Amino acid sequence: MAANVSVQNSASERPSLRRAVTPWGSFSWGYSDVGADIFVGLGLVLGAAAGASNVAFLFAGIVYVCIGLAYTELAATYPVAGGGQYFVFRGLGDIFGFIAGWSVLLDFTIDIVLFAWSCVDYLSKLLPVIAFTQHPWTHFFFVFGLIAGLAVLNIVGVRESSAFNELVSGLDIVSETTILFFGFFFAFHPETLVHTMQTAWPTSFQLMNGVSLAIISFVGLESISQAAQETQRPASVIPRTSISLILTILIFALAYSNLALGMQTATPIPHDAHGHVQPLWHYLGNEENNGAAVAVLASLVPYWGILAAFYVPVLGAILLLISSNSGVFGSSRIAYAMSGTQLLPSIFQRVHPRYRTPAISIAFFCGVAVLELIFAALPSLHPAFKALYARLFRGEDGITFLGDLYAFGAAASYSLVFLALIALRFKDPQSPRRFKMPLNIPLTYRGGRVEFPVTAVIGFLGIASILSFVMITHQLGRIAGPTWIVFGVLGYLLYRARKQLPVLRSQPHDWRKAQINILQQAGELDMMDEYLANVKALDERKAKERTVT
Amino acid sequence: MRRLVRSPGYARARLVTGTLFAALGAVVIVRTAAGGAGWSGFSGYVLGLAMIALAVWRFREYFGFVRK
């Protein structure tokens, strides 16, 4: 997804991004990225965590709130595109910056496939001819066509406008809120919720699996920092819009999972394949519906469901397509940024001579996405592969495999972001922080005052446990995720050695100059003055200490 | 869209939706408690509180707009 990204040539002929995103634009940018996740995550979590799906969402949601607060602090302090990759690069050094960026790139490639796949699933509720379960080949070619189409559009340089993003986000929020109102006022029965939780409580393994999948409903916070780069006065706008975004996404995830467990539907639920009565959560989490669970749930809400059955699949599909496009756009942009800091080869910075877009990056990461699509779709396309996957990987279906990898990439990069936040509090206390994560312990470090962020530690422990759940419960994810990282790191080491750059250590960086530029370009001149004063005070203190010794 | 989100009508809409979220949050908490959900209702209580928090956030934005 791209808000109105327009490139302006400065006096130095270096292209920079125009800061034209308003508070609402900043919110909708984040929403169209993170808000689409529940459309994918709900069915997967219900299928995995059954009667404890709301607990899975709650655990992942608490971790997500910590991640959101961390991104808000970092994006308001360092309003520059690059997101987690940039924060880790700055806080922990080159190699960790590479690992974080490489994990984010994995997520962006999965983002492309997973959301294109889910987009087709939602459309299939109105066009059964493209349904995954009945017509896997048609489904496969539709998803492939969407990825190829997005790649071409991005290479040619056509992107949806910010206004379109804002309109779709606005419509979706109104729609989801309406569904929740009808659901909670007319169909929610806490007794049913308690009964479902007691009778369908999963095993510990299933619950861990559910939690690891629930985190995918909260992925996409990179967009907060992306928006920061293009927002006017980001230090004041980003915290305002981020808190609203974090609460909205948390509410939708918790509300849908509670409704799925405790709602009495307006119309009877069809019996399962064996002719047995099935509960709502089971119906939403089965293979037929898990790709479009929100649309199915919405259609079963009293009164509004009749209307929702028609428009929610379309609205969901549009939002998912925007999110898929954000994967194409985001991967090329992160690769471009990493290439600029010599974390990736310069080929990823090469732009198309005619369209002025990073065509090689776009083609490369869309190619990776197509490989992931093939790997995810194979079991449904041929019985021989189904048997092979059943033997090797417990028969995980395609969309679950994509979910596994998505959760792995997110958990890996978010873990590093928490560590980077803690490191930056110690290494760079001079940068003014207009927003800070709550719960801080004041300390004295190297003669200066710093604040140790307790919430970041809680968030780190949460996301590290989710990463361990991914490794424990996902047969495919535990192989494919670390393989991606290991191959990436090997490539990085070879590249750095060939270029005669420090391999394991970081290159020297002038962070002071970088921070002054960042704040100047963001229009945060009062923050820049404060930063300069802090730096001056630090230098004077150090000079005094040197004189004394 | 930009003109819309800067208008007083939009600010009032935030006030109305904020009030609705506060009401829904209260309903979720009360019904979960009345339904006899003990620890099983924990997720519901958090949901209700999150809705009330969003409502408070929207009220803040509304009053900020009014003050301007």
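The questions below go from helices to salt bridges and then to the interface.

Visitor: What kind of model is this, and how are its parts numbered?
Guide: Residues are numbered from 1 along each chain as its sequence is written, while chains are lettered from A and ligands numbered from 1 in the order in which they are written. Side-chain values use heavy atoms, without hydrogens and water, and local features need pLDDT of at least 70, side-chain atom pairs pLDDT 80 or more, while totals for chains, interfaces and linings use all residues, for this is a predicted model.

Visitor: How many residues of α1(A) are buried?
Guide: Buried means under 20% relative accessible area, exposed over 50%, and partly exposed in between, with a 1.4 Å probe and protein chains only. The buried residues of α1(A) include W24(A), F27(A), W29(A) and Y31(A). The helix is mostly covered, and the buried count is 11 of 12.

Visitor: Which residue just after α2(A) takes a positive phi?
Guide: The place to look is just after the helix. There, phi is about 45° at A50(A).

Visitor: How many salt bridges does a search of the whole structure find?
Guide: A salt bridge is a side-chain nitrogen of Lys or Arg within 4 Å of a carboxyl oxygen of Asp or Glu. Some are linked in a network, made up of E73(A), R425(A) and R433(A). Over all chains, the search finds nine.

Visitor: How far apart in sequence are the parts that D428(A) and R90(A) tie together?
Guide: These two form a salt bridge, with the closest N and O atoms 3.8 Å apart. D428(A) lies in the loop between α17 and β3 of chain A and R90(A) in helix α4 of chain A, so the pair ties together parts whose separation is 338 residues.

Visitor: Is E61(B) buried, exposed or partly exposed?
Guide: E61(B) meets R14(B) in a salt bridge of 2.8 Å, N to O. The pair links helix α3 of chain B, which holds E61(B), with helix α2 of chain B, which holds R14(B). R14(B) is buried, at 13% relative accessible area. At 23%, E61(B) is partly exposed.

Visitor: How many salt bridges are there between chain B and chain A?
Guide: The contact, meaning heavy atoms within 4.5 Å, takes 28 residues from chain B and 31 residues from chain A. The salt bridge count between the chains is zero.

Visitor: Which element gives the largest share of the side of chain B that touches chain A?
Guide: Elements giving two or more residues to that side are α1, α2 and α3 of chain B. The largest share is 11 residues, from α3(B).

Definitions and conventions: Helix = DSSP H or I, 4+ residues; strand = E, 2+ residues; numbered from the N terminus.
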